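Please open the model in your viewer and keep the sequence panel beside it.

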Amino acid sequence: QKQADYAARYFLLLAASGAISHANWGSLICQREGLIDDGLTEDEYPSLERVAYYKSADGELKNYRQHPSFNAVKTVANILQGAQYVKPVASAKGLEIHYFIQGNQHIHVAWTINGRAAFVHDIYSPASLANAKLLNRDGDILEHVEIITESPIYLVWQTEKAIQAKTNPQLAQDLKMCIRDSLCGI
């Protein structure tokens, strides 16, 4: 799941940079860093790490399976391919919200740094949220969202008008999302 969050965030930041025409995931099929697991075990890998050049895909097709990162990258491509980057809504102090337009769709993509959160109602008005289609990192529809976490969410509006967030969106103060106590230093 962490790899999926990082992969989505990486491609979202690439899209927001405006400096690329396309991006590739070098090792699409690989147990270690791939979007698709090749089914091999650690013992079956060569001792020399392959980073940039993959002569062939290893493993057997029947053992391949998609990592969560596959759906995360697929969602970025499905939603943002051909979209125009408008501006950062927030891009400092641990909260990232980026604004894209695709035809009549106004798209905000939001996430926080690891372990932090932001309250959605501190960023968007109830009317804005009521009119938004909400999608999680993997493209699944969400009924509603209370907090923004390190896993990107997409807010999509069908409208001709620009979508405005509240002024100066910020992280929730003194709120940390912890998987284990040791990660938060508690």
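Predicted model: local features only at pLDDT ≥ 70, side-chain atom pairs only at ≥ 80, totals over all residues.

Of the 186 residues in the chain, 37% count as buried.

Next, switch to a cartoon and colour by secondary structure, which brings up 4 helices and 10 strands. Followed from the N terminus, the elements come in the order α-β-β-α-β-β-β-β-α-β-β-β-β-α. If you then display contacts with a separation of 6 or more, residues 24 or more positions apart account for 61% of them.

Now select Leu12, Val76, Leu80, Ile107, Val109 and Tyr154, the residues with the most contacts inside the largest nonpolar core, which has 20 residues. To see where this core is drawn from, highlight α1 (2–17), α2 (68–80), β5 (105–112) and β10 (153–158), each of which supplies at least two of its residues. The largest share, 7 residues, comes from α1.

Which residues does Tyr154 touch, once those up to four places away in sequence are set aside? Centre the view on Tyr154 and show its surroundings: the residues it touches are Leu12, Thr75, Val76, Ile79, Ile107, His108, Val109, Lys133, Leu134, Leu135, Asn136 and Arg137, with neighbours up to four places away in sequence not counted.

For the last stop, select Val120, Leu134, Val145 and Ile153, which are among the 18 residues of another core, lying apart from the largest one.

Conventions: Residues numbered from 1 in each chain as written. Heavy atoms only, no water. Buried < 20%, exposed > 50% of the residue type's maximum accessible area, 1.4 Å probe, protein only. Contact = heavy atoms within 4.5 Å. Core = buried A, V, L, I, M, F, W, Y, C linked by side-chain atoms within 4.5 Å.
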